[in-house]
Amino acid sequence: MIWPLDIIILTIVIICGIAAISIKDLLGAAIMFGAYSFMMCLLWSVMGAVDVAFTEASVGAGVSTVFFVAAVFRTTRRTRD
Amino acid sequence: MEALGSLILAKYNYWAVIALLLIGLYAMITKKNLVKKIIGMNIFQTAIILFYVSIGSKKGATIPIITHGHGDASHAVHSVEYINPLPHVLMLTAIVVSVATLGVALALAMKVYSQYGTLEEDEIREKIMESEPV
């Protein structure tokens with residue numbers, strides 16, 4: 001663990017998490033959630049969990065973002081909060 | 001005071017876990033949109049995974065791959081030089097389960113949208129009240 005890198009990535013993760021739940025557009029929220037997952041994947045490779053990191057990059061960031069975008073396109077982008 | 005400062009500084013991973021848990025819980029409780037609730041649930045799950053991976057990490061250790069693997073069995077393995085891989089393996093299962101949960105939740109949200117024409121929770125409740133008054 002390299003602590004300056006750790007703290008920078010943790011800050012970006014928290015900012016991406018707050019942005020993902022506060023954007024007033026569901027497609028934008030899905031994209032911010034993908035960015036959050038990729039930052040989480042970077043954090044895990046810094047912490048030495050390489051197997052968790054590449055599983056998160058393929059399954060968490062890739063497949064989850066595709067699911068969200070597909071669901072948003074089949075329903076609606078509109079949200080009130 | 002100094003002990004408190006060192007506690008906050010040295011365990012920064014766990015403070016980030018607490019912050020992410022609170023973000024996920026806040027989104028699940030207060031947001032009215034179903035997709036926002038599902039995003040909050042996923043953030044909650046990732047925070048728990050981060051907690052478990054933080055337990056397994058060590059200072060000054062390398063990734064858990066033995067460099068002298070085959071044909072060199074007499075070599076001693078110093079476990080203090082390697083990060084504990086057991087939480088990583090458990091959390092691989094948790095990531096796959098979280099994607100399965102996400103798929104089911106989004107399918108249910110799409111079914112709700114095709115039935116009621118909206119994803120907002122209060123509008124759905126109004127439409128239920130209109131269709132079958134108690």
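How many residues does the contact take from chain A and from chain B? Keep that question in mind as you go through the views below, which all show a predicted model.

**View 1. Where chain A touches chain B.** The contact draws 35 residues from chain A and 35 residues from chain B. On the chain A side, H1, H2 and H3 each supply at least two of the touching residues. H3(A) gives the most to this side, with 13 residues. If you sort the chain A side by residue type, you will find 22 nonpolar, eight polar and five charged residues. For the model as a whole, the scores are ipTM 0.93 and pTM 0.89.

**View 2. Chain A by itself.** The C-alpha trace of chain A spans about 40 × 20 × 10 Å along its principal axes. Chain A has 81 residues, and 41% of them count as buried. Take the contacts in chain A with a separation of 6 or more: residues 24 or more positions apart account for 56% of them.

**View 3. The largest nonpolar core.** This core has 43 residues. Those with the most contacts inside it come from both chains: Val13(A), Phe33(A), Leu43(A) and Trp44(A), together with Val35(B), Ile39(B) and Val53(B). In chain A, the elements giving two or more residues to the core are helix H1 (3–22), helix H2 (26–46) and helix H3 (50–74). In chain B, they are helix H2 (12–30), helix H3 (34–56) and helix H4 (86–116). H2(A) provides the largest share of the core, 11 residues. As a general background, nonpolar side chains tend to be buried together in soluble globular proteins.

**View 4. Trp44(A) and Ala49(A).** Let us begin with Trp44(A), one of the residues with the most contacts inside the largest nonpolar core. Setting aside neighbours within four places in sequence, Trp44(A) is in contact with Ala49(A), Val52(A), Ala53(A) and Glu56(A), and with Val53(B) from the other chain. Now turn to Ala49(A), which sits in the loop between H2 and H3 of chain A. Is Ala49(A) buried or exposed? Ala49(A) counts as buried, because 31 C-beta neighbours lie inside 10 Å. With the neighbours within four places in sequence again left out, Ala49(A) is in contact with Trp44(A), Val53(B) and His88(B).

**View 5. Two helices of chain B side by side.** The axes of H3(B) and H4(B) come within 10 Å and cross at roughly 175°. Because of that angle, H3(B) is roughly antiparallel to H4(B). The residues of the contact between H3(B) and H4(B) divide into 18 nonpolar, five polar and no charged. A word on confidence for this chain: chain B averages a pLDDT of 87, and 93% of the residues score at least 70. Where pLDDT is low, the predicted coordinates should not be read in detail.

**View 6. Leu25(B) in chain B.** You will find Leu25(B) in helix H2 of chain B. With 15 other C-beta atoms within 10 Å, Leu25(B) is partly exposed. How far apart are Leu25(B) and Met41(B), and what is their spacing in sequence? They are 16 residues apart in sequence and 7.5 Å apart in space, C-alpha to C-alpha.

Conventions
Residues are numbered from 1 along each chain as its sequence is written. Chains are lettered from A and ligands numbered from 1 in the order in which they are written. This is a predicted model: local features need pLDDT of at least 70, side-chain atom pairs count only at pLDDT 80 or more; totals for chains, interfaces and linings use all residues. A nonpolar core is a set of buried Ala, Val, Leu, Ile, Met, Phe, Trp, Tyr and Cys residues joined through C-beta atoms within 7 Å. A residue is buried if 20 or more other C-beta atoms lie within 10 Å of its own, exposed if 12 or fewer, and partly exposed in between; C-beta atoms are placed from the backbone. Helices (H or I, at least four residues) and strands (E, at least two) are DSSP runs, numbered from the N terminus. Two residues are in contact if their C-beta atoms, placed from the backbone, lie within 7 Å. pLDDT is the predictor's confidence in each residue, from 0 to 100. Ala, Val, Leu, Ile, Met, Phe, Trp, Tyr, Cys and Pro count as nonpolar, Asp, Glu, Lys and Arg as charged, and the others, Gly among them, as polar. Axes are lines fitted to C-alpha atoms, for helices over the stretch in contact, and angles run from 0 to 180 degrees between N-to-C directions. Angles under 35 degrees count as roughly parallel, over 145 as roughly antiparallel, 65 to 115 as roughly perpendicular and the rest as oblique.
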